[in-house]
Amino acid sequence: MRISLTVNGQRYTVDVAEHKTLLRCLREDLGLTGTKEGCGMGECGACTIIFNGRVVNACMILAVEANGATIETIEGEATGPGLSEIQTALERNNSAQCGFCTPGMVMSIKELLRDKPKPTIDEMKEAIEGNFCRCTGYVQIIEAILDLTGRSAEKGELKHV
Amino acid sequence: MVYEFRYLAPKSVGRLCAALTEHAGAAKLLAGGTDLLPNIRNGVFKPDYVIDLKLLPGAAKLQYSQVDGLIIGPAVTINDLLRQRSVRRLYPVLCDCAHQLASHQIRNRATVAGNVVNASPCSDMAPALLCLDAVAVIRSAAGQRQLPFSQFFTGVKKTALLPGEFLEKIIVPAASSNASGRYLKLKRIAGHDLGIVGVLCTLHQGRRRYAVSSAAPTPVLVDGFSAGDGPEDVERRVLAAVSPISDVRASQEYRRHMIAVYARQLLQEVR
């Protein structure tokens with residue numbers, strides 16, 4: 001089936017099998033391999049993308065359902081020569097070790113800050129509850145979000161475990 | 001997806017009903033896909049056809065009126081509910097349950113209708129719909145019928161939907177608006193997890209109700225409390241209505257214990 005979709009501002013028209021997931025379409029047909037496949041069943045969030053303005057798990061959407069959709073992935077994040085603001089904050093706070101969760105984590109943080117520029121810590125945790133990180137223990141990621149929301153002073157109050 | 005199927009996306013109810021009739025038994029309906037697609041991936045379902053209902057006119061309709069109550073179309077997501085001001089104001093119980101379902105990404109995609117037609121015993125939306133006297137509007141090529149959710153769930157992953165029928169919308173009566181209540185869901189972690197047990201208690205115009213998830217083959221409604229019921233009465237009645245099993249997530253004994261703890265706690269809190 002032929003579908004058209006806009007990914008990171010660029011329009012694509014591709015022929016996809018009707019049973020193919022959007023995640024596989026992004027990675028295999030469009031060559032956008034920044035979005036990862038972890039569990040493939042909506043548990044881990046490594047495949048998180050922004051679909052028509054909302055974060056979703058790309059592993060649980062069919063490519064054909066994305067016909068006409070506007071999608072943002074990690075490849076569209078840094079628009080200049082360097083890293084984006086979110087990526088920079090994650091880097092400064094040592095918020096990644098293996099980095100497998102990071103593309104999805106960036107997408108979730110992006111949606112959070114668009115919806116709620118001044119989130120509470122509970123709202124920060126809720127925004128990334130669907131993104132598993134097996135390296136950091138999440139504290140460094142919350143610290144990055146505190147940096148992004150002008151609350152760096154509160155970083156010391158978080159418990160490292 | 002390793003398993004291959006055909007994808008259909010009818011643009012009218014008539015065409016959807018025709019497709020359901022033609023492919024009865026070989027088709028699965030797709031709304032949010034957060035349950036269907038993992039199940040196909042894991043080989044639980046092997047449909048020849050996946051029929052997407054999101055292109056139906058009005059599928060994403062979410063509308064409140066004092067006459068009709070709250071109408072929830074089959075493509076309304078969990079977060080659509082949570083983002084709508086009138087729902088938050090008038091149906092806080094619905095929002096409390098919705099907020100505790102899965103993860104943020106899944107709430108952006110999963111639908112209210114999907115959560116109930118899957119008829120999982122651990123459905124988080126079912127307790128709210130049971131306590132709020134919600135009605136399922138069921139459609140097929142033969143016509144439309146209405147069924148209260150108290151008669152909708154018939155077994156583990158089984159509903160009263162007949163072959164060729166689909167859940168066209170959910171109606172939460174206006175008379176149930178402003179019901180107060182709280183849903184306590186026991187999980188291993190604060191984030192995304194299936195419930196070990198879930199207990200909802202609502203109080204509306206002096207009438208107290210409980211609904212329990214993950215505690216029987218179907219979500220369970222417990223009704224008929226009187227104002228003078230104490231913690232022992234409430235605990236006894238709620239426990240008499242459930243029949244939890246032991247499984248990988250918890251033992252039967254632990255489930256019964258926590259249902260009792262939550263039932264007592266909610267009697268105190270929901271006033």
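Biologist: How do α2(A) and helix α5 of chain A cross, and at what angle?

Modeller: In this predicted model, the axes of α2(A) and α5(A), the latter covering residues 139-148, come within 8 Å and cross at roughly 130°. That makes α2(A) oblique to α5(A), because an angle has to be over 145 degrees to count as roughly antiparallel.

Biologist: Left-handed or right-handed, that crossing of α2(A) and α5(A)?

Modeller: The crossing of α2(A) and α5(A) is right-handed.

Biologist: And which residues make the contact?

Modeller: From α2(A) you have A:E85, A:I86, A:A89, A:L90 and A:R92, and from α5(A) there are A:A144, A:D147 and A:L148. By class, the residues of the contact of α2(A) with α5(A) are five nonpolar, no polar and three charged.

Biologist: OK, what about α2(A) and α3(A), how do their axes cross?

Modeller: Helix α2 (residues 85-92) of chain A and helix α3 (residues 102-115) of chain A have axes that come within 10 Å and cross at roughly 120°. That makes α2(A) oblique to α3(A) as well. In handedness, α2(A) passes α3(A) in a right-handed crossing.

Biologist: Which residues make that one?

Modeller: On the α2(A) side they are A:I86, A:Q87 and A:L90, and on the α3(A) side A:T102, A:V106, A:I109 and A:K110. The contact of α2(A) with α3(A) divides into four nonpolar residues, two polar and one charged. Look at A:I86 and A:L90 while you're there: they take part in the contact with α3(A) and also in the contact with α5(A).

Biologist: Zooming out, how is chain A divided into domains?

Modeller: Domain 1 runs 2-75 and domain 2 runs 85-154. Their centres, taken over C-alpha atoms, are separated by 22 Å.

Biologist: How many residues are in contact between those two?

Modeller: 15 residues of domain 1 of chain A are in contact with twelve residues of domain 2 of chain A. On the domain 1 side, the elements giving two or more residues are β3 (48-51) and β4 (54-57) of chain A. β3(A) gives the most to that side, with three residues.

Biologist: What's on that side of domain 1 by class?

Modeller: The side of domain 1 of chain A that touches domain 2 of chain A has seven nonpolar, five polar and three charged residues.

Biologist: Switching to chain A against chain B: how many residues does the contact take from each?

Modeller: The contact takes 23 residues from chain A and 20 residues from chain B. On the chain A side, β4 and α4 (121-127) each supply at least two residues. β4(A) gives the most there, with four residues.

Modeller: An open sheet of three strands in chain B has the order β1-β3-β2, with parallel pairing. β1 (6-8) and β2 (27-30) of chain B stand at the edges with a single partner strand each, so one side of each is left without a neighbour in the sheet. From one strand to the next, the twist averages 25°.

Biologist: How many bridges join the strands?

Modeller: Three bridges join β1(B) to strand β3 (residues 49-52) of chain B. β2(B) and β3(B) pair over four bridges, also in the parallel sense.

Biologist: Which residues in β3(B) stand opposite B:Y7 and partner B:L29?

Modeller: B:Y7 stands opposite B:V50 in β3(B), and the bridge partner of B:L29 is B:I51.

Biologist: What packs on the sheet?

Modeller: Helix α1 (residues 13-22) of chain B does, touching β1, β2 and β3 of chain B. The direction of α1(B) makes about 160° with that of β3(B).

Biologist: Which domains does the assignment give for chain B?

Modeller: The domain assignment gives domain 1 (6-52), domain 2 (62-176) and domain 3 (180-269). The C-alpha centres of domain 1 and domain 2 of chain B lie 19 Å apart. Their contact takes 14 residues from domain 1 and 16 residues from domain 2.

Biologist: Which element gives the most on the domain 1 side?

Modeller: α1(B) gives the most to the side of domain 1 of chain B that touches domain 2 of chain B, with six residues. By class, that side has eight nonpolar, five polar and one charged residues.

Key
Residues are numbered from 1 along each chain as its sequence is written. Chains are lettered from A and ligands numbered from 1 in the order in which they are written. This is a predicted model: local features need pLDDT of at least 70, side-chain atom pairs count only at pLDDT 80 or more; totals for chains, interfaces and linings use all residues. Axes are lines fitted to C-alpha atoms, for helices over the stretch in contact, and angles run from 0 to 180 degrees between N-to-C directions. Angles under 35 degrees count as roughly parallel, over 145 as roughly antiparallel, 65 to 115 as roughly perpendicular and the rest as oblique. A crossing is left-handed if the near helix is turned anticlockwise from the far one by less than a right angle, and right-handed if clockwise. Two residues are in contact if their C-beta atoms, placed from the backbone, lie within 7 Å. Ala, Val, Leu, Ile, Met, Phe, Trp, Tyr, Cys and Pro count as nonpolar, Asp, Glu, Lys and Arg as charged, and the others, Gly among them, as polar. Domain bounds come from an automatic or database domain assignment. Two strands pair if DSSP finds at least two bridges between them.
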